[in-house]
Amino acid sequence: KGKIVETRKIAEVKNTDWEDITKDEEFLYVANMGNNYDTRKNLSIVKIPIQKSSNENVEVINFSYPEQKKFKRIYRRSEYDAEALISFEDKLLIFTKNKRKKITEIYSLPKNAGNYQAKKIGSLNTDSIVTGGDYDKATNTLALTSTIKFDEYYVLIITDFSLNNKNQKIDMYEIPIGKTQVEAIKIIDPTTFWITSEDEKSSSAARLMKFKL
């Protein structure tokens with residue numbers, strides 16, 4: 001019914017550009033990694049215990065992309081923006097929003113607080129730019145949302161997701177909602193998903209949608 005069931009105030013962290021959220025059995029991980037112009041040098045993942053306590057013990061995973069050498073303002077051809085984060089086995093995986101190549105590059109980070117250079121471990125030929133992601137361990141399904149020209153959005157599905165498979169089969173489905181700004185996805189089952197869109201003055205109101213293949 002759209003009612004807020006719980007609110008938690010996370011102290012001592014700043015929302016520079018929070019983009020995605022994921023979790024494992026013990027922690028939530030919030031992706032403070034929006035980087036529209038390839039200029040940020042303060043990218044991070046905020047690690048929050050799922051179990052609420054009176055003293056929120058928040059940790060921060062700071063990171064950079066070792067391949068990025070320039071931080072000159074770019075937009076339409078930026079390569080180091082990212083809006084998708086998943087928990088996968090014992091690590092966190094970032095899926096970049098590579099506007100120049102219309103692909104997503106996969107970077108790995110440990111789940112421990114510290115300062116790291118993210119490790120590039122692969123890429124997916126998405127023919128679009130990725131705006132959100134989720135992974136379901138039980139069915140080994142990876143789901144991404146993406147767009148080509150910000151006028152239409154898609155759900156990308158990879159079954160039997162593996163970091164060892166360099167030629168993953170990607171099934172691409174257009175979301176029949178017209179111009180909006182889809183930013184996140186949650187897997188309900190391998191054919192059913194929650195999708196959210198942002199409230200953008202240039203597009204449409206914020207929405208939560210159930211999408212079934």
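The dialogue below takes up aromatic pairs, salt bridges, a loop residue, a strand residue and a surface patch.

Reader: On what conventions do the values rest?

Author: This is a predicted model, in which local features need pLDDT of at least 70 and side-chain atom pairs count only at pLDDT 80 or more, while totals for chains, interfaces and linings use all residues. Residues are numbered from 1 along each chain as its sequence is written, and side-chain values use heavy atoms, with hydrogens and water left out.

Reader: Which parts of the chain does the pair of Phe88 and Tyr135 tie together?

Author: Strands (E, at least two residues) and helices (H or I, at least four) are DSSP runs, numbered from the N terminus. Phe88 belongs to strand E5 (residues 82-88) and Tyr135 to strand E10, so the pair ties together parts that are 47 residues apart in sequence.

Reader: Are Phe88 and Tyr135 buried or exposed?

Author: Buried means under 20% relative accessible area, exposed over 50%, and partly exposed in between (1.4 Å probe, protein chains only). Phe88 is buried because its relative accessible area is 5%; Tyr135, at 15%, also counts as buried.

A second pair is formed by Phe95 and Phe161, and this one is tilted, with 6.5 Å centre to centre and 55° between the planes. Phe95 lies in strand E6 (residues 91-96) and Phe161 in the loop between strand E12 (153-159) and strand E13 (171-174), so parts 66 residues apart in sequence are tied together. Phe95 is buried at 0% relative accessible area, and Phe161 is buried at 3%. Elsewhere, ring pairs link Phe63, Tyr65, Tyr80 and Tyr107 into a cluster.

Reader: What surrounds Asn140?

Author: Contact means heavy atoms within 4.5 Å. Leaving aside neighbours within four places in sequence, Asn140 is in contact with Tyr135, Ile158, Thr159, Asp160 and Phe161. Asn140 itself sits in the loop between strand E10 (129-136) and strand E11 (141-147).

Reader: How is a salt bridge defined, and how many salt bridges are counted?

Author: A salt bridge is a side-chain nitrogen of Lys or Arg within 4 Å of a carboxyl oxygen of Asp or Glu. By this rule the count comes to twelve. One of them joins the side chains of Glu6 and Lys52 at 3.9 Å, N to O. Glu6 lies in the segment before strand E1 (18-23) and Lys52 in the loop between strand E3 (43-49) and strand E4 (59-64), so the pair ties together parts 46 residues apart in sequence. Lys52 counts as partly exposed at 45% relative accessibility.

Reader: Where does the bridge between Lys120 and Glu105 lie?

Author: In this bridge the closest N and O atoms of Lys120 and Glu105 are 3.4 Å apart. The pair links distant parts of the chain, with Lys120 in strand E9 (residues 119-124) and Glu105 in strand E7 (residues 104-110), 15 residues apart. Lys120 is partly exposed at 38%, whereas Glu105 is buried at 8%.

Reader: Which residues are linked in a network of salt bridges?

Author: Glu89, Asp90 and Lys91 are linked in such a network. Within it, the side chains of Glu89 and Lys91 meet at 3.5 Å, N to O. Glu89 is exposed at 60% relative accessible area, but Lys91 counts as buried at 18%.

Reader: Why does Ser197 count as buried, and what does Ser197 touch?

Author: Ser197 counts as buried because its relative accessibility is 6%. Ser197 is found in strand E15 (residues 192-197). Not counting residues up to four places away in sequence, Ser197 touches Thr180, Gln181, Val182, Glu183, Ala205, Ala206, Arg207 and Met209.

How values were computed
Phe/Tyr/Trp six-rings, centres within 6.5 Å; stacked < 30°, edge-to-face > 60°.
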